[in-house]
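Let's take a walk through this structure together.

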Amino acid sequence: MTKPILMTTFLTLAAVPGAVFGQVTWDRLLHAEREPQNWLTYSGNNNAQRYSTLSQISRDNAKNLEMQWVYQARSLEKFEATPLVVDGVMYLTEAPNTVLALDAKTGATFWVYEYRPSADARPCCGAVNRGVAILGDTLFMGTIDAHLVAIDAKAGRPIWNIQVGDPKLGYSVTHAPLVVKDKVIVGVAGAEYGIRGFIAAYDAATGKEVWRFNTIPGPGEPGHETWTGDSWQHGGGSAWITGSYDPSLNMVYWGVGNPGADWNADNRKGDNLYSDCAIALDADTGKLKWYFQFTPHDEYDYDAVQIPVLVDANWKGSPRKMMMWANRNGFFYVLDRTNGKFLYGTPFTKQTWAVGLDEAGRPIRAPNSSPTPQGTLVYPGVQGGTNWYSPSYSPRTGLFYISTWVDYYMNVAKMPAEYTEGQRYTGGAPRSPVPTLQRGPINTWTAENGSGEVLAVDPNTGEKKWQFKMTDVTGSGILTTASDVVFSGGREGFFYALDARNGTMLWKAALGGQVASGPITYRVDGKQYVAVAAGHALFTFALRQ
Amino acid sequence: MRTLAIPAVALVLASGLSIPLAAQQRYLSSDVEAGSRLYRNNCFACHGPEGNSIPGVDFRRGQFKRVSTDDDLFRVIVNGVPGTSMPPTSVNDAARLALVAYIRSLHDSATSAAGSGDAARGKILFEGKGTCLTCHRVNGKGSRVAPDLTEVGAIRTAEYLERSILAPNESILPEHRVVRAVTRQGAVITGRRLNEDTHTIQLIDQDEHLRSLDKSELKEYTLLTTSSMPSYQGKFSSAELADIVTYLLSLKGVE
């Protein structure tokens, strides 16, 4: 099987010489699907499906995958980065804020740019970074001390550096920026410190702010009435994962995080907009076009910080522009992305905080489910049914793939919430036998703790088509390809190739550290690679030759 | 919001009373365990292993200078006590809750009948009549088949230890569970589970051999929820039981 496929690929490449090796123009980003050999944005392209049309690695030959090269990070932080690959060059970030240009074929280093964040930085949950964006010959990186830095992609030198938030107040930027036209869009993290969140667009050439959308509306702004007293000032609503973009509607989509304080909602009566919302913003002005709130008046830290996945497909027999969303609150949603209308929602994992959704998609809260000082048992636990880990949608199978935490709970104790600048403002403590950020004691796992799985859902019906079950939970992203292969991993340190149609394991590699990043695929000199960060290293694989 | 905390603290300061910390919140055993480790890293140097190294403060007796409620204690841990050597502590809410749980457990252990025996007599019973070293290990002495108890006094309460001795099945922790596996060839392997993932399981067997099993090569595999330890109900007098528990509480690990 291998040989004919390689030949075909070679001929295809030979037929389009000189198609690459230029600046990464907006036109190239707009049509990223035309160059599947590259991985040009955090999610692969604007619709954020994390789906590749590369097919050299197939269901039949995935068993022949072998390691090609490894990049060993010096950082011992969680390795959450998704690299970009542009014409044979990989742009990778290493925690906290180091950027590397590597030969995507060998791992050899072209340059290293080490940004040293201020000691004032206080990211809540790890000094991590999830990647860069590119436009022209410039890379863009958000930093844990809330700066946005433009870097020369050829020379590895900073071009401009601006401050987007005050790190002493808890602001940080951990996600890969999103480039739309001539703007670089980033959101801020820090809801656990009582920040007031925002998403802002900056001029790619100068770093000058072009627009800003406050995720927590101030006095006079629509939605302000959903906050009581001055609670909005520390209302959280961070945005710490990359959004997506629909050029046909010129809308940027983003997920907004939890309200502050996380687990004590006494001071913030109301729905607390736009916390836990999917929002659509005009890409040119940042004006709100629509919102959909998944978890009004959240008391669980159920951030809607997931990748907005855009899908054009038939819905109930008619073509529709949809947005698919597996939320941290345990529900899977399908929305109409032209107007935010709720089309469908159903739990994809065990949840006890809501008895269901009403016709508009608003949750109907379960009685006695609020946190109490004595502790309240709630499914899913604080990390949610899923979290920021990239899901994937395959237009070939029509299935939506979710890294899922199954039967996972927390016993959440409500505590006093008093705002002090730069200090944690969470108002509670979620306890769970499942460690939050990394694998804890190695032998405490039991069936009562729950488990992890790659779950394939039919978005039309909510039907679970298949589940690939893991003993530990998973913080891995998911990649699908046109050869119906799913790549994903988990906290145990395995990286898998699965059959996208039925979940059969085709291949696995033991990488010795948790996979907490989104896998990508790319092609150099006719060979398809798959890359994923695990533990403190980035691993690349290709077919044995 | 911050000003609300001050009058409460000031009131207690003004009264100068030592107030036992009232039981206000039910804590999880995992909180106590997490708290014990945090205590060792953050509090031990000043407050000491028994929680009584600061004059006027004795965690085992529930004696405090400036706090009466759990909330007060949270605030003292967060903010410290200005003008004293008690510094602010930059741990998150879950860690603070764990610390409070552990500090309260010290009081619970000290005031329970189970923790009021004689540790020296308990050691003799533990090693003699109880034959506990047949399976357990303390300070390098005994078997590795059951959990090592060298630091058990630092991470468990008197109540928990008493329950473990009288009703092991009700108190066995996930990390102490025993695996029973049957290979395709019919060989039966049992041992204490050390680690597990989707594809394999690691254990220490009855002969203290470290073994790694591939789940795909097993016919059966069960993680037992019962303990292999016998119940000592009726085998010790209540005084003997208190002596053993007190001995176990004295085991604080290798420093």
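**Where the two chains meet**

Start at the contact between the chains: chain B brings 23 residues to it, and chain A brings 28 residues. On the side of chain B that touches chain A, the elements giving two or more residues are the helices α1 (2–15), α2 (29–42), α4 (70–79) and α5 (93–111), together with the strand β4 (188–196). The top contributor on this side is β4(B), with four residues. What kinds of residue does chain B place there? They divide into nine nonpolar, nine charged and five polar.

Keep in mind that you are looking at a predicted model. Its scores are ipTM 0.88 and pTM 0.88. For chain B, the mean pLDDT is 84, with 89% of the residues at 70 or more. There is a stretch to read with care, though: over residues 1–24 of chain B the pLDDT is below 50. In the model, this stretch still has 32 contacts beyond near neighbours in sequence.

Now step back and follow chain B as a whole. How many helices and strands can you look for? Chain B has 10 helices and seven strands. Its length is 255 residues, of which 32% count as buried.

Key:
Residues are numbered from 1 along each chain as its sequence is written. Chains are lettered from A and ligands numbered from 1 in the order in which they are written. This is a predicted model: local features need pLDDT of at least 70, side-chain atom pairs count only at pLDDT 80 or more; totals for chains, interfaces and linings use all residues. Two residues are in contact if their C-beta atoms, placed from the backbone, lie within 7 Å. Ala, Val, Leu, Ile, Met, Phe, Trp, Tyr, Cys and Pro count as nonpolar, Asp, Glu, Lys and Arg as charged, and the others, Gly among them, as polar. pLDDT is the predictor's confidence in each residue, from 0 to 100. A residue is buried if 20 or more other C-beta atoms lie within 10 Å of its own, exposed if 12 or fewer, and partly exposed in between; C-beta atoms are placed from the backbone.
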